[in-house]
Amino acid sequence: MKANCWIRPNQVEIQEVPEPKIMNARDAIVRISSTAICGSDLHLFGGYIPAMRKGDILGHEFMGEVVELGDEVKNLKVGDRVVVPFPIACGACNACEHELYSLCENSNPNVGLAEKLLGYPTAGVFGYSHLTGGFAGGQAQYARVPFADIGPMKIENDDLSDDKVLFLSDILPTGYMAAEMCEIKPGHVVAVWGAGPVGQFAAASAFLLGAERVIVIDRFPYRLRIVAENTGAETINYEQITNVREALKQLTGGRGPDSCIDAVGLEAHHHSLPVYAYDKAKQMSRTESDRPYALRQAILACRSGGIVSVVGVYGGFIDKFPMGAVMNRALTIKAGQCHVHKYMRPLLERIEKGELDPSFIITHRMSLNETPQGYDLFKQKQDECLKVVLSAN
Ligand SMILES: NC(=O)c1ccc[n+]([C@@H]2O[C@H](COP(=O)([O-])OP(=O)(O)OC[C@H]3O[C@@H](n4cnc5c(N)ncnc54)[C@H](O)[C@@H]3O)[C@@H](O)[C@H]2O)c1
Ligand SMILES: [Zn+2]
Ligand SMILES: [Zn+2]
């Protein structure tokens, strides 16, 4: 079969690889109909996440048809149309019992490396480095899905196109969880750093959860336009102003947003040369793994006693972390890889009721063969690219 493989930083390639096989009684094999490129894939593409190996199959946002099942998967049938959540979760461990699926204690076989870097291991994830298990990903024609009795969600309604349900695999639940972590109350103002797909869904979800105002910060006018038109958020183009915190203060009566969402992560851009050069140099010399400008800004801009919700991905260690602001101003930081399993069904219900149509973010459609071009377009934000969907078969 064809699959998109990681070769080296900034190079992926479509290769012919063996088709996956059932290895475990709780496995399924899914023939992939649609898959997508995520901002998290860009971190792997850029070489920022450790433990990638040449030939690793990328991709963790995918859906398709069940073509083979292990003996113990009783809730699915061959022929079912399913969306697959990106974390791999057993459904039975302590983390899974608490609905913390991205922290499953049984699905990541490579705990040693993760323990060194993170303290404790996290769940297995499709196509997301050997740190999360080295599982083959879904930018391919087929994928093996472990714990298939727990993860894949059947889509019964054939009227719902792939475009409407594909993002239940990752970015829609992630945006929703980002907003949920903000504990939004009536009258609240939520600020979102990043108008990528995750930021777009975080903004939409913040309104669904009752925010009075949502303010999205980015530098790409087309991304800010799309979020304003589709969610009703206000926008700040940080390249057109001198100080994001001042701008937010002015928009919030001098107090700051009640909660701040980081939907940017470790490759944040900054237009002030000295800070950017500092972090970039440290990142290149491997004395700091991540560039956390958006996170620093979100912490400093948040109102006292507010919540900073971090779904942008960080890999390791950051520098100049404003701990004084967190401690003295009683801020709460919440974070996580999304516990997708928890959110898929309620969000599918919202899509079915017409409360949400996530397809508004799709700007590019390509075939699996064109995946390498898709990575370049999405990374460089060329041709007003916001989300690339790949048809896999
Ligand atoms: N926690 C999870 O489960 C989860 C799931 C999916 C994605 N993610 C992460 O979410 C982040 C966003 O993903 P995406 O798909 O939207 O990616 P993306 O690359 O399309 O979007 C990132 C956006 O951040 C903007 N940005 C960069 N620096 C900024 C700054 N200083 N201030 C404000 N905006 C800035 C960029 O211009 C871009 O529009 C990534 O880190 C990704 O890894 C996390
Ligand atoms: Zn993702
Ligand atoms: Zn588990």
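Two strands pair if DSSP finds at least two bridges between them. Helices (H or I, at least four residues) and strands (E, at least two) are taken as DSSP runs and numbered from the N terminus.

## Basis of the model

This is a predicted model, in which local features need pLDDT of at least 70 and side-chain atom pairs count only at pLDDT 80 or more, while totals for chains, interfaces and linings use all residues. Residues are numbered from 1 along each chain as its sequence is written, and chains are lettered from A and ligands numbered from 1 in the order in which they are written.

Strand β3 covers residues 28–36 and is mostly covered, with 7 of its 9 residues buried. A residue is buried if 20 or more other C-beta atoms lie within 10 Å of its own, exposed if 12 or fewer, and partly exposed in between, with C-beta atoms placed from the backbone.

β3 pairs in the antiparallel sense with strand β4 (residues 62–69) over 7 bridges; here Ile29 has Glu68 of β4 as its bridge partner. The pairing of β3 with strand β8 (residues 142–145) is antiparallel over 4 bridges, and Ala28 is bridged to Val145 in β8. With strand β17 (residues 388–391), β3 forms 3 bridges, also in the antiparallel sense. In that pairing Ala36 has Val389 of β17 as its bridge partner.

## The parallel sheet

An open sheet is formed by 6 strands in the order β12-β11-β10-β13-β14-β15, with parallel pairing. Its edge strands, each pairing on one side only, are β12 (234–237) and β15 (332–335). From one strand to the next the twist averages 20°.

Asp218 stands opposite Asn237 of β12.

## Packing of α8 and α10

Helix α8 (residues 244–251) packs against helix α10 (residues 293–301) at an angle of about 35°, and their axes are 10 Å apart. Axes are lines fitted to C-alpha atoms, for helices over the stretch in contact, and angles run from 0 to 180 degrees between N-to-C directions. The crossing of α8 and α10 is right-handed, that is, the near helix is turned clockwise from the far one by less than a right angle.

Val244, Arg245 and Leu248 of α8 make the contact with Gln297, Leu300 and Ala301 of α10; residues are in contact if their C-beta atoms, placed from the backbone, lie within 7 Å. The contact residues comprise 4 nonpolar, 1 polar and 1 charged. Ala, Val, Leu, Ile, Met, Phe, Trp, Tyr, Cys and Pro count as nonpolar, Asp, Glu, Lys and Arg as charged, and the others, Gly among them, as polar.

Definitions and conventions:
Two residues are in contact if their C-beta atoms, placed from the backbone, lie within 7 Å.
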